[in-house]
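Morning, everyone. Have a look at it first.

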Amino acid sequence: MIKGIFITGTDTGVGKTFVAAGIARALRARGIGVGVMKPAETGCRSRHGKLIPADAMALLRGSEATDPLDVVNPYRFRAPLAPMVAAHQEGRAIKLRKIREAFRLLTKKHEFLIVEGAGGIMVPLTSRTNYLDLAAELRLPVLLIARPGLGTINHTLLTIMALRARRVPIAGTVFNHSTDGRQGPAERTNPAVIERLSGVPVLEQVRYGQKDFDALADRLVKMR
């Protein structure tokens, strides 16, 4: 069994957290000790003077892990911007050492770790490091979340190209149908086209409102 996955998206708002939390629930139901991590989260709302990382909290609920929030989510910011930009606006700096330490702690504690990025793979964490750099350093296979609609062929193939250029292993692609609308020709054909052109397997097409992630979880834990 692989020790975890790094979840990225072709863009922001494609459903990374929804899919990640669903996988965490399914793994937990199988008796697998699953941990979660969101290295940096932006766009956090304030409650009682504290920033609440909604994505990290959703991941924790899905996994039922009891790890401290500051370990699961080392950095959180108010502005809905790339982490590097949000940190700069607040006069703060993201230290990769802190993220590495949290990652090491979580990997020692859990059988399987789900790490979720922010936005797409080229989003900057610092002035010198983006999420592609982080994925390469953590050495986890990447699960790519994409939307099925028009434009996704370009976004998905570019992301796969960037990952391959850094020799980052790709577990597969998941297409998330995040809206309850009728499927047009693009939605019906894009996943198969991308699979054929890239050679990266489509592991799941997530239906709108889907709650069952058992099949996807099973595919991931069987990977070597």
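Helices (H or I, at least four residues) and strands (E, at least two) are DSSP runs, numbered from the N terminus. Buried means under 20% relative accessible area, exposed over 50%, partly exposed in between, with a 1.4 Å probe and protein chains only.

Some ground rules. This is a predicted model, where local features need pLDDT of at least 70, side-chain atom pairs count only at pLDDT 80 or more, and totals for chains, interfaces and linings use all residues. Residues are numbered from 1 along each chain as its sequence is written, and side-chain values use heavy atoms, with hydrogens and water left out.

Which residues of α8 are buried? A186, N190, P191, I194 and S198. An α-helix has 3.6 residues a turn, so residues three or four places apart point the same way.

Now the length. Helix α8 has 14 residues, 185-198, and at 1.5 Å a residue should span 20 Å; its end C-alpha atoms are 20 Å apart, which agrees. The expected span is 1.5 Å times one less than the number of residues. There is also a kink of about 25° in α8, centred on P191. That bend is the angle between axes fitted to the seven residues ending there and the seven starting there.

Just past α8, G199 takes a positive phi of about 80°. Next, V200 sits in the loop between α8 and β10. V200 counts as buried because its relative accessibility is 4%. Leaving out residues up to four places away in sequence, V200 touches I160, R164, I170, G172, T173 and E195. Contact means heavy atoms within 4.5 Å.

**The cores and the chain**

The largest nonpolar core has 35 residues, and F6, I99, V115, I121, L125 and Y131 touch the most other members. A nonpolar core is a set of buried Ala, Val, Leu, Ile, Met, Phe, Trp, Tyr and Cys residues joined through side-chain atoms within 4.5 Å. Apart from this core lies another, of 32 residues, including A26, L59, F112 and A171.

How many helices and strands does the chain have? Nine helices and 10 strands. Buried residues make up 54% of the 224 residues. Of the contacts with a separation of 6 or more, 76% are between residues 24 or more positions apart. The C-alpha atoms fill a box of roughly 45 × 40 × 35 Å, taken along the principal axes.
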